[in-house]
Amino acid sequence: MNLVPEKNSDFSTTEYWDSFFTKRKATFEWYGNYENLKRLLTKYISAKDIILMSGCGNSDLSLNLYSDGFVNMTSVDNSEVVIANMNNKHKNKYPGLVYEIEDILNTKYADEKFSAVIDKGTLDALMPDGEVESLTRAMKMFNEIKRILKFGGRYICVSLLQYHIAQFIFSYFSENGWIIRVCQCTEVEDSPDFNGQPVFMVVCTKVNKIPGANPVLEWNPDGLTNERLDSINDLLEIVIDTQKSISMCFDLTKCQMEDISNNYRFEINCSQTKKPRYTIMIVESPTQKNPSKMTFAAFIVPHGREHEWLFSSEEGQDILRRNCNVDRLAIISMHRGQIYKNLKQVQGELSRLMLKIAPQGVIRRGETILFLSLEQQLGDRKIIMESKSEHSGNFVIEEVIGQKDETYRRLVFLNMPHIIQSETKLLTENGEVKIDYSHFLSDYIPYLGLGVGILANQLNRESKILLIGLGGGVLTNLLLNAYKNVNIVALEIDLVVYKIAKEAFGLLEDNRLEVNVCDGLEYICNAVKNNDKYDAVVYDVDVKDPTLGLSGPPKDFLRQDILNHVKSLIGKDGLFLLNFVCRASDVKAEILNVLKTNFKQLTSLKIAEDINRVLLAGNSDKAFDVHLLEQTAAYMNQCTKSNPLIACDVIDMSALKENIEDI
C-alpha cells in the first residue's frame, strides 16, 4: 500500500488526504506522539483555553489532550473522510470531542474565538516548498489564525522547520510584532522511532505590535532555558545548526557516517558565551562497523592536556581507544576560557549527547555510558596572561599541570588554539620559580640544534647564525647553552612575542645574541645587499593561516629569489636548516623538489610522534651522513651535560639513526 505522493505539492491537496485516510485507518502520528510532546505542549496551554486543533488528521493528540482535561477543544480538518472516521470513533465514548470539517485557510469561526491554535504538521503539509503557491497558502492560514486568535493567545506549530518554512513563519509573525519562541522537542529525538529529523515547536504569542521595537525571538533547547536572540538570521542559524548536529548524531548512532574513515571531530558551543566549550573527537575501530555490536565509552581529557600526542594525533587517539577496549571512543577536550566545576558536572552536561552518538546497540542493550579519564580531577589550566598582538592576533600564556604534576608554561595563539607555539617547563627551587632549560616541547628543537652543532664542532672560530623566528626563545636558549662559540642574530616580526620570550620563557640575552624586531624577508634582502655572511640560516617561523596545509615555513620564504639570497648568505660551506611542518602531501612534495633543485645536500630528520621534519641543506660536497650526525650528536650531548642549566643529554643517540630520512 503506497501512501507516499508522487510529488510534494500533493501534500497540500484535499484529494490526497482523503485517499490517505481511506487507505490508512490506523492512527498516524506525524512528528511524535502525545507522550513525546506533552511536556512542552502543556506548558503553553491550560484547561481553561479554548483550543483549535488544526489539521487534526486521525492523530490521537486531541483525544489525549481531552483525557488530560483540555475539554474546550475543536479539532478540524479539510478531509471529509478523516472527520467522519474520527466522529464515528469517538462520539459515543467521548461526546465532548468535537471534530468538524473546516479549511484552516478560511474558517467560519468568529474573530478572536480561540486562545490557542495547535498545528501539528499542517504548515509543513501546506508548504512543501518555497514556491509562490505554497507561500500564498501559508499566508492565508497565518492571516486566518491571526483573525481567530485572541490577544495573548498562542499559535503552537509542531514542525520539521525546513529552511523555507522557518524563514517564512519567523518573518511573518515577527513583522506582526508577535513573540516567537522555538523549542526543541527532545523527547521525539529520544524515542525509539526517531528517524533522524529533529522536531521543533514554534510558539507564537499574539501581542500588539510596538512601532520601532525589535522582535522578541527566543530559543528554548531544553524546555527550561530561554535564550533571547537579536535577529531572525540568528534564530535560523541555530535551527540549522541543530538540524545538522542531530542528523550527524543519528548517522553516528547508525554508523552511517560516509565522510569519515575512522574518526570525526566536532565542537559543542557554550549557550551563554557562544564560544566552543567542548571538542569531541569520535575514534572508531577500522574493523567493527556493526552498530548493534559496537561498544562505546567517553574519555575526558584532563584540562590543558589536549595537545599531548595521545589525545591530538590519530595514532595516539587510536591507541587510547584500544586501551579503553571499545569500538568507538568519544575523546572530550575542554576549552580555555570556560568554567568547569568538576568531572560530575562535565559528565552531566555531556551525558545526553553521549547517548545520541553511541552506537544503537549500546542503547538497545540498556548499557550505561562509561565516562573515563586519567584521573579523578579535571586537570589544571591557569591563564596568566591574555592579550593581542598586531601580527599574531589574540593569544594566551597559560600554565598547565602535567601527568606527573609538572607545571608547563605555554604560549598559544587563539587563531590556532590546538597548537602550542612555545612551551617551557617550570621548576621550583627554594620557593622560587625557574625555567627548566632542558625541556623541549618537540625533538625538532634539539635537531635544529644538532644542525648548528655541525658547525660548532668543526669550525675553529666563532660561527654566526641567522635565526628567523625567535618565538619563545627556546631554540635560542639551547644554542647559547650548548655552544660557547656560536653568535646568533635572531629575527622576530612581533615585538609582543619578543617581550614574552624575555618575561615568560627566560630568554637568555648576552653579547652573543642580537635580537632584531623586523620582517625576516626584508632582513634577508638587505643582508645580501650589505654583503653579509652567515655560517647558517635557520628557519623556525610559522604560517599564520592554518588552512593551507603548511604550518612552516611560509611559502614566501621559499621563493626562488629568497632561496638565492639564502645561498648567497651561507656560501658553499654554510648550512640551511628548516623546521618543516606540512600536512598536505602535494605541497610537501613541491617544497622538497624546490629544495633539492637548489641544494646539493638535503637530509630530513623525522620527529617521533609529530609531523615536524628538520631539514638540513647545503651545497658542499660533504653529505649529512649517519657518521657525521652521530658524531655531532655525541658532541652536542657532551656540551649540554656540562652546562648546569641543562645538565643532560638532549639527543637520543639510540633513535637518531632511524630518524634520518633520505629525500
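1. Helix axes are lines fitted to C-alpha atoms over the stretch in contact, and angles run from 0 to 180 degrees between N-to-C directions. Helices (H or I, at least four residues) and strands (E, at least two) are DSSP runs, numbered from the N terminus. The model is predicted: local features need pLDDT of at least 70, side-chain atom pairs count only at pLDDT 80 or more, and totals for chains, interfaces and linings use all residues. Residues are numbered from 1 along each chain as its sequence is written, and side-chain values use heavy atoms, with hydrogens and water left out.

2. The axes of α18 (residues 560–570) and α19 (residues 585–598) lie 11 Å apart, at an angle of about 40°. On the α18 side, Gln560, Leu563, Asn564 and Lys567 make the contact (heavy atoms within 4.5 Å); on the α19 side, Val594, Leu595 and Asn598 do.

3. The loop between β24 (550–552) and α18 holds Pro553. The peptide bond from Gly552 to Pro553 is cis, with omega near -5°.

4. Leu161 sits in the loop between β5 (149–159) and α7 (163–175) and is buried, at 1% relative accessible area. Asn430, in the loop between β18 (422–429) and β19 (432–436), is exposed (over 50%) at 85% relative accessibility.

How values were computed: Buried < 20%, exposed > 50% of the residue type's maximum accessible area, 1.4 Å probe, protein only.
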